[in-house]
Amino acid sequence: MNAQMRELTPIKGIRYFYPPDDAMLVFKDGKAQIPYGGMPVPLLEEDFAALDGEPSYDEVGRGIYQALRSNPDCILCEQYAALLRDAYPHFLAELASNAIMIDSKDVDVPYLDRKITCLKILALLEPENPGLPLEIGRTFLDRGMRLSALHLATVSIYRAEHFLRRAHTLAHADLKILRYLGEACYLLGKYDEAVGFWRGVAASPEELEVGGLRDRIARIEAGTLPHIPPVDYLEAIGTAVAAYQIGDYEESITILQDVLMDPVFREDFPIPEVHCLIGKGFTALDMPKYAEEEFRQALAIDPSNEEAQALLAQVEAA
């Protein structure tokens with residue numbers, strides 16, 4: 001038992017209970033039962049501490065649900081998800097509704113992490129469904145491009161690639177998968193692979209708005225590439241954000257200006273928030289003319305950017 005204990009995934013707030021081999025979960029007022037013996041079961045620490053014999057149906061459900069939400073990649077995750085499906089369908093319905101709700105609005109990075117967790121649990125139960133790893137990959141891509149999480153861009157985008165390749169294995173010709181997998185490869189500097197995936201999209205008469213992809217394919221084939229993989233620029237922007245947050249404005253501006261020196265990256269990834277950050281740095285350094293120019297650059301990229309509009313108004317009113 002001790003050896004088995006060491007193999008289990010440590011999860012904060014969880015203790016593992018070892019039921020007897022013939023243990024049964026009884027529910028629906030005794031009308032249904034499922035065997036769950038022979039498998040260590042995660043329980044909430046407070047439920048484990050209050051045990052007097054075997055855990056109840058509710059205690060097992062609470063523990064499994066919390067364990068999967070804390071770490072959907074934990075040891076025995078497939079078995080826990082199957083038990084959730086068979087004995088606790090209301091928890092799965094809650095996961096699905098949470099994922100849909102999060103997907104329906106613009107949310108911050110912690111909510112994207114929650115969405116990824118929900119989708120990972122659902123994917124344990126539908127390993128042949130390409131839509132789930134596609135959506136996980138898309139969400140990791142989104143996470144990897146968020147300004148507040150750019151210090152983790154490399155990790156996020158490699159995870160995106162992993163799940164998008166899994167989706168591609170399941171649905172080789174799916175145009176959405178090809179588009180997003182090509183994007184992940186491009187961000188990681190795997191340009192030839194990106195072209196291979198994007199060609200499948202650009203050649204399809206069913207796909208709309210492929211002009212931009214065709215242009216990017218043509219640029220790659222002509223050797224017009226960023227000086228370094230785009231993900232490295234994203235990480236650099238993350239470093240600049242951190243420098244700004246600790247008051248090192250000159251360092252932040254220098255890093256961001258270096259990033260913007262690459263015309264290919266600048267064209268492929270027009271990010272108004274970068275110009276806003278440079279402008280705020282110039283404002284902090286009491287250089288309003290330079291700040292105004294950056295805010296106008298941000299608005300040239302996105303005329304509806306509310307932050308740039310407000311910052312420009314402040315500079316003009318000063």
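**Close-up 1. The packing of helix H12 against helix H13 in the predicted model.** The axes of helix H12 (residues 230-245) and helix H13 (residues 249-260) come within 7 Å and cross at roughly 160°, the axes being lines fitted to C-alpha atoms over the stretch in contact, with angles running from 0 to 180 degrees between N-to-C directions. H12 and H13 are therefore roughly antiparallel to each other, a term used for angles over 145 degrees. On the H12 side, Tyr233, Ala236, Ile237, Thr239, Ala240, Ala243 and Tyr244 meet Tyr249, Glu251, Ser252, Ile255, Leu256 and Val259 of H13, where contact means heavy atoms within 4.5 Å. The residues of this contact divide into ten nonpolar, two polar and one charged.

Close-up 2. Threonine 139, found in helix H7 (residues 131-144), counts as buried at 3% relative accessibility (buried means under 20% relative accessible area, with a 1.4 Å probe and protein chains only). Its side chain reaches the backbone oxygen of glutamate 135 at 2.7 Å. Apart from neighbours within four places in sequence, threonine 139 is in contact with Leu112, Lys115, Ile116 and Leu119.

Close-up 3. Tyrosine 36 lies 17 residues from proline 19 in sequence and 7.7 Å from it in space, C-alpha to C-alpha.

Residues are numbered from 1 along each chain as its sequence is written, and side-chain values use heavy atoms, with hydrogens and water left out. This is a predicted model, in which local features need pLDDT of at least 70 and side-chain atom pairs count only at pLDDT 80 or more, whereas totals for chains, interfaces and linings use all residues.

Technical notes:
Helices (H or I, at least four residues) and strands (E, at least two) are DSSP runs, numbered from the N terminus. Buried means under 20% relative accessible area, exposed over 50%, partly exposed in between (1.4 Å probe, protein chains only). A polar contact is a pair of N or O atoms within 3.5 Å; within protein, one must be able to donate a hydrogen and the other to accept it, and residues adjacent in sequence count only if both atoms are side-chain atoms. Angles under 35 degrees count as roughly parallel, over 145 as roughly antiparallel, 65 to 115 as roughly perpendicular and the rest as oblique. Ala, Val, Leu, Ile, Met, Phe, Trp, Tyr, Cys and Pro count as nonpolar, Asp, Glu, Lys and Arg as charged, and the others, Gly among them, as polar.
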